[in-house]
Amino acid sequence: MDVLTLNNITKYYGRIQALNNVSFSVPAGSVFGILGPNGSGKTTMLGIVMDILKPSSGSFQFFGGPATAETRKQVGTLLETPNFYHYLSAERNLVIAAEIKGKGHGNIDEVLRKVNLHHRKSSKFSTYSLGMKQRLAIASCLLGDPGVLVFDEPTNGLDPVGIAEIRELIKLLAAEGKTIIMASHMLDEVEKVCTHVAILKTGNLITAGHVDEVLVNEDIVEVAARDMQQLEAVLSGMGGFKSLKKSANGIQLLYPAGTANLEEINQYSFTNGLVLSHLQLKKKSLETKFLELTNN
Amino acid sequence: MNLQTIKNMLHLIKLEWLKVKYYRAFWIFLGLYVIGLFGINYVAYQFQDTLKGQLPIEFFPYNFPRVYQTIAWISSWLLYFPGMLMILVISNEYTFKTHRQNIIDGLTRHQFIYSKILFGTIIAILTTFFCFLNAVVFGAMYSGKFSLEGMEFIGYSFVQSLCYVFFAMILAVLMRRSGLAMAVFFLYGLIFEQLIGGIVDNKILNSHNFFYYMPLEASDVLVPITFGNKLFYKDAPSSGILLTVCCFYILLYCFVSIRKFERADL
């Protein structure tokens with residue numbers, strides 16, 4: 001079953017188009033990453049499914065049915081920034097959230113412990129650091145133990161330790177069987193925790209699917225010799241690689257991940273009368289892949 | 001009203017209560033308002049008491065039954081304060097983006113704006129109650145007795161409070177920022193309403209009728225000045241008409257606020 005389905009969502013802010021016909025589904029139990037550079041429409045999209053923003057056209061469903069306030073109570077959401085009453089303590093802010101969700105105040109202490117804020121629960125929200133505010137927002141999402149969590153840039157403003165902690169927490173929640181929808185502009189974050197990914201660029205959905213399919217890794221072998229023209233001719237006859245590209249350092253051969261064999265390439269070149277001056281295996285970085293996906 | 005509606009209403013009132021319960025600025029503001037209300041009435045009372053019998057007319061009659069009108073009229077000068085409280089509470093939600101978070105957490109947009117309408121109604125009830133309390137205390141001090149005659153002015157005072165509070169609400173909903181909303185609230189109430197009313201009446205209509213039907217003025221005429229009423233408000237419409245006009249405005253403010261909040265991007 002799908003937790004969330006978007007059908008042709010389009011959103012205009014005046015004449016600016018923020019989303020263009022975006023459709024995809026989030027399967028239950030997945031950790032679904034929404035990846036895109038700043039301004040690609042991630043927050044707009046999540047705002048629409050949370051009824052904060054009205055779509056210009058298109059529709060969406062939660063749990064296969066219409067989205068209502070009741071379905072929102074089943075989803076823990078952190079959207080864009082931590083939104084709390086500045087003059088109230090962390091605990092009193094969570095009391096309000098729990099009251100709205102109709103979940104009782106039973107697990108407020110528990111969620112505060114989960115994000116390491118229990119010792120500061122009586123401090124006013126306005127005295128919190130950015131990272132603490134972010135963690136309080138995550139605690140608020142966990143109130144009432146919802147089956148679905150929506151995190152918009154969950155590690156925003158956190159220090160490296162905090163980032164690692166939140167990633168562990170997300171993995172833990174995923175292991176509990178929760179569906180997690182996470183928007184991020186940080187590729188390694190998505191790569192490290194997500195099972196599925198949708199990539200957005202200036203409001204357009206570029207691709208969506210299983211993370212292994214979308215963010216395929218490739219082996220790149222960089223080769224150079226004194227006579228580059230001859231090298232290219234020889235390598236073209238070799239086969240076995242997916243594609244051949246010229247680069248500043250020589251020639252790049254692209255292989256499916258884990259299939260490049262440097263010895264074979266060296267042997268083949270030598271047999272064909274060429275001595276290589278440069279031979280190097282490079283893992284294609286996801287960063288490059290991401291830029292490739294979003295920059296054409 | 002069935003049981004579910006009442007439960008929903010109580011749920012929303014509880015939410016508003018949780019939001020202001022530990023909001024010190026709110027309580028200080030409310031406290032100052034209550035003290036101010038007593039203070040302004042006390043000043044007028046002293047003025048009247050000192051000049052008792054020396055003047056041909058009573059400026060501020062503090063004897064029953066006229067005390068109700070006196071207190072209602074004097075108190076109405078401070079109605080900007082409940083209005084400011086309303087602006088404060090609503091613009092806070094926009095500033096902290098908690099209006100978004102409340103919806104995200106599971107309120108409907110309708111419930112959110114409805115909770116503010118309930119809040120405004122409670123503020124108006126409190127304002128009216130303080131007004132009544134002052135009337136009883138000063139009336140008893142002045143004349144040494146108590147009577148409910150003339151109580152209709154407490155009712156008018158309630159309608160007037162609703163007019164001010166919900167006018168403030170619509171400004172806050174439309175402008176979102178407290179500074180701007182308060183500036184417009186004061187400037188409109190103290191200057192621009194008189195200016196626009198004066199221009200329309202004197203330059204365009206050549207009458208003195210349009211002014212009486214303007215948003216805040218309609219409720220001000222409902223609780224008229226205690227001396228020189230005939231001079232200030234000659235040809236004023238009857239209380240019945242004014243009440244109808246005020247109720248129309250109150251419903252309009254609520255309707256527009258609900259519509260705006262339900263349809264706009266938050």
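Predicted model: local features only at pLDDT ≥ 70, side-chain atom pairs only at ≥ 80, totals over all residues.
Chain A divides into two assigned domains. Domain 1 spans residues 2–214, and domain 2 spans residues 218–294. Their C-alpha centres lie 42 Å apart. The secondary structure of chain A consists of 11 helices and 14 strands.

The overall dimensions of chain A were computed from its C-alpha atoms. Along the principal axes, these atoms fill a box of roughly 80 × 45 × 35 Å. The radius of gyration of chain A is 24 Å.

Of the 296 residues in chain A, 41% count as buried.

The contact involves 24 residues from chain A and 21 residues from chain B. On the chain B side, two helices, α1 (3–21) and α5 (98–105), each supply at least two residues. The largest share comes from α5(B), with seven residues. By class, the side of chain B that touches chain A has nine nonpolar residues. Seven charged and five polar residues are also present on this side of chain B.

In summary, chain A holds two assigned domains, with C-alpha centres 42 Å apart. Its partner, chain B, brings 21 residues to the contact, including seven from α5(B).

Notes. Residues numbered from 1 in each chain as written. Chains lettered and ligands numbered in written order. Domains from an automatic or database assignment. Helix = DSSP H or I, 4+ residues; strand = E, 2+ residues; numbered from the N terminus. Rg over C-alpha atoms; globule rule 2.2 N^0.38 Å. Buried ≥ 20, exposed ≤ 12 C-beta atoms within 10 Å, placed from the backbone. Contact = placed C-beta atoms within 7 Å. Nonpolar A, V, L, I, M, F, W, Y, C, P; charged D, E, K, R; others polar.
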